[in-house]
Amino acid sequence: MVTFRKQYVVSRPVYSDDSFDEDHQKIYRLHKTSLDHLKAYLTCDSKRAKNAVLSFLPIIGWMRIYRVREWLLGDVVSGISTGMLAIMQGLAFSLLASLPPSYGLFTAFFPMLTYFFLGTSRHISVGSFPVLSLMVGAVVTRLVPEVGQPANITGFDGLTQDQQRVLVASSVTFLMGIFQLAMGVLQVGFIVRYLSDTLVSGFTTAAAVHILVSQLKFVLGLTVPGINGPLALIYTLEKVFVQITSTNICALVMSIVIMVVVFIVKELNDRYKARLPVPIPIEVIMTVIACGVSFGFNFETRYDVEVVGKMVSGYESPIVPNIEVFQESAVEAFPIAIVGFAVAFSVAKVYSIKHDYTIDGNQELIAFGVSNMFGASFKSFAASTALSRTALAGKLRRKNTGLISAMIAMVVTVALGFLLEPLPMSVLGALVIVNLKGMLMQFREIPYLWRRDKPECVVWVGTCLGAILLGLDIGLAVGLGLELLTVVFRTQFPRCSVLVNISGTNLYKDRKDYLDIFEPNGVKIFRIPSPIFFANIEFFRDKLVEAVGFNPLRVLRKRHKALRKIKKLLETGWRHIRGMRELFPMNEEASDRPSDLNDLPIRVNWNAELPANISVPRVDLHSLILDFSAVSFLDISAMKGLKTALKEFVRVDVHVYIVSCDAYILEKLHSCLFFDEEILTSMFFPTLHDAVLHALEKHQEDKGGRVIKDTKL
């Protein structure tokens with residue numbers, strides 16, 4: 001198909017940066033100092049105060065535009081559905097946190113209640129999240145193991161094991177909330193950007209494997225103590241397989257039936273989601289059926305099936321977090337805070353883009369921090385969001401139903417909790433496992449990443465394996481380390497290239513990618529697509545030498561050695577070398593300085609024929625053009641290395657030009673006294689074509705000829 005292309009013709013002078021500034025007046029901006037920014041930040045007026053209130057309480061903003069008649073009924077239906085799912089997941093995920101199931105109901109209520117007023121997302125459902133529950137559970141089982149003595153913490157005196165675990169979980173959650181609130185107040189929400197999608201995917205996949213293994217004891221009806229530390233997953237599997245002959249057949253059969261039915265119905269929900277007005281709440285249905293069957297056939301007594309047991313009726317009085325637990329769990333609480341916010345923010349961002357509204361990362365940190373601190377005071381554990389609940393809310397097109405979801409959780413906790421007492425623990429374990437499908441399916445990303453981006457694949461696999469074998473907290477650190485290494489690798493070893501002109505255009509591309517190209521003789525265009533800093537300046541210089549085909553410092557040394565030989569020949573009577581003394585004006589001081597080459601005779605034609613015993617590398621390059629369009633910054637070390645490299649080329653009679661240099665970098669070069677009698681501001685050009693045309697014209701003038709003529713340019 002022939003595509004119509006518009007054409008344009010521009011007639012203008014060939015500009016260098018200096019000549020461009022002469023013809024076009026530049027605005028010199030005054031940069032604000034740190035004190036100016038501080039004053040602006042502390043200044044307050046009525047408008048700013050109003051914006052601050054609206055920012056801290058987003059509910060005021062969306063309540064003003066809420067359409068009661070159009071949205072209320074749908075939000076009630078959505079709130080009931082989402083609330084019931086949050087209750088079931090709260091019960092199930094409390095097992096991951098090594099807590100009694102009833103405390104999962106608290107997590108479905110308190111954090112959501114607070115987030116409703118402070119959060120900026122209108123779609124995410126705040127509550128328990130399996131990865132966070134597992135990370136909290138790791139701290140709980142470390143400080144209060146199932147077998148053996150708990151940690152030496154004063155606040156444990158006089159408490160049962162369950163009460164000790166609740167205290168640890170709530171204290172860790174409170175500390176997690178402090179971290180999130182502090183990051184929000186300090187406006188460091190950007191920190192979550194260091195967790196790439198690849199890293200989060202590998203990490204959550206590893207967490208899914210940990211969750212799967214941790215639930216085997218409930219599905220099989222075994223008694224397996226919690227294990228922490230590196231290789232904990234391997235040791236847990238060992239203990240499971242040692243007891244495999246003691247499997248409770250009733251619990252296993254019930255788990256398999258639950259998983260098969262829930263899996264099939266979920267697949268049907270996905271396949272027919274366009275036709276179903278509301279997804280079938282299969283978790284709720286199967287939970288109700290399992291409770292009835294377990295109660296009717298007395299599974300606890302007849303088949304020795306472990307059940308939920310006594311549920312907490314109503315809400316308990318608030319508790320004060322334990323400072324000693326803070327000290328013991330600070331290292332784990334920080335990654336929990338980061339992961340919880342990263343997952344919630346990424347999900348919220350997806351729905352904000354889909355429904356065309358904005359979310360504030362720093363306000364989200366404040367909202368989650370306050371929510372977790374408030375919830376922890378009432379014995380809930382770490383809260384974030386779960387994609388399944390948020391997807392249900394999105395499917396029902398809710399506007400903001402967090403309050404209704406929280407009310408449903410409150411009703412169940414206060415009035416209906418006793419109905420869940422005969423629920424088998426194996427059912428909760430089965431519900432946890434079947435909800436891992438989405439995270440476990442992320443293993444399919446490995447071949448895709450390997451084909452598209454191998455460093456990203458290394459990050460995914462390294463994070464996943466590190467988290468599986470070493471634990472989630474260490475695995476997250478491993479993933480971050482690998483991710484930073486890939487950034488260092490990409491910037492320290494960028495893909496440099498030699499550019500050439502595409503015939504008949506003013507465009508310049510990598511010469512390896514095109515056939516119809518034109519490369520002017522004696523001109524080399526070199527591009528580095530990354531910042532230049534202390535770690536890659538030597539790589540830059542090596543690649544530059546490789547691109548031009550000679551080492552300018554070696555050429556300088558050879559020429560200096562040749563000058564000494566020529567001087568010796570002149571002194572011993574080689575008069576047939578016509579005009580030797582005139583062509584090589586030297587003095588004793590200049591010839592005795594092997595390192596200082598400032599006084600090399602620039603009029604010598606080193607490419608001409610020299611005496612037989614004198615050999616100097618031939619340099620056919622007359623112009624070197626450096627494309628700095630992708631260079632975003634230079635540090636001091638790189639600046640020194642760059643200046644040395646440029647001087648080496650200048651001293652072998654190669655004209656150097658720098659193109660498309662960022663204004664900030666140019667300003668920094670001036671402030672750092674980069675320019676001198678050899679490195680001039682006239683070396684800088686706005687475009688590649690300007691530099692190439694100037695280089696060819698200057699070369700013609702140096703040869704005594706005319707300007708560019710009869711070339712493909």
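Colleague: How do helix H22 and helix H23 pack, and at what angle?

Modeller: In this predicted model, H22 (residues 454-470) and H23 (residues 472-492) pack at about 160°, with their axes 7 Å apart. Axes here are lines fitted to C-alpha atoms over the stretch in contact, and angles run from 0 to 180 degrees between N-to-C directions. H22 is therefore roughly antiparallel to H23, a label for angles over 145 degrees.

Colleague: Nice! Which residues of H22 and H23 make the contact?

Modeller: Contact means heavy atoms within 4.5 Å. Among them are Val458, Gly462 and Gly466 of H22, and Gly475, Gly479 and Leu482 of H23.

Colleague: And how do the residues of that contact divide?

Modeller: They come to 9 nonpolar, 6 polar and 3 charged. Ala, Val, Leu, Ile, Met, Phe, Trp, Tyr, Cys and Pro count as nonpolar, Asp, Glu, Lys and Arg as charged, and the others, Gly among them, as polar.

Colleague: Switching topic: is leucine 134 buried or exposed?

Modeller: Leucine 134 is buried, at 12% relative accessible area; buried means under 20%, exposed over 50% and partly exposed in between, with a 1.4 Å probe and protein chains only. Leucine 134 sits in helix H8 (residues 130-143).

Colleague: What does leucine 134 touch?

Modeller: Leaving out residues up to four places away in sequence, leucine 134 touches Leu96, Ala207, His210, Ile211, Ser214 and Leu472. Leu472 also belongs to the H23 side of the helix contact.

Technical notes. Residues are numbered from 1 along each chain as its sequence is written. This is a predicted model: local features need pLDDT of at least 70, side-chain atom pairs count only at pLDDT 80 or more; totals for chains, interfaces and linings use all residues. Side-chain values use heavy atoms; hydrogens and water are left out. Helices (H or I, at least four residues) and strands (E, at least two) are DSSP runs, numbered from the N terminus. Angles under 35 degrees count as roughly parallel, over 145 as roughly antiparallel, 65 to 115 as roughly perpendicular and the rest as oblique.
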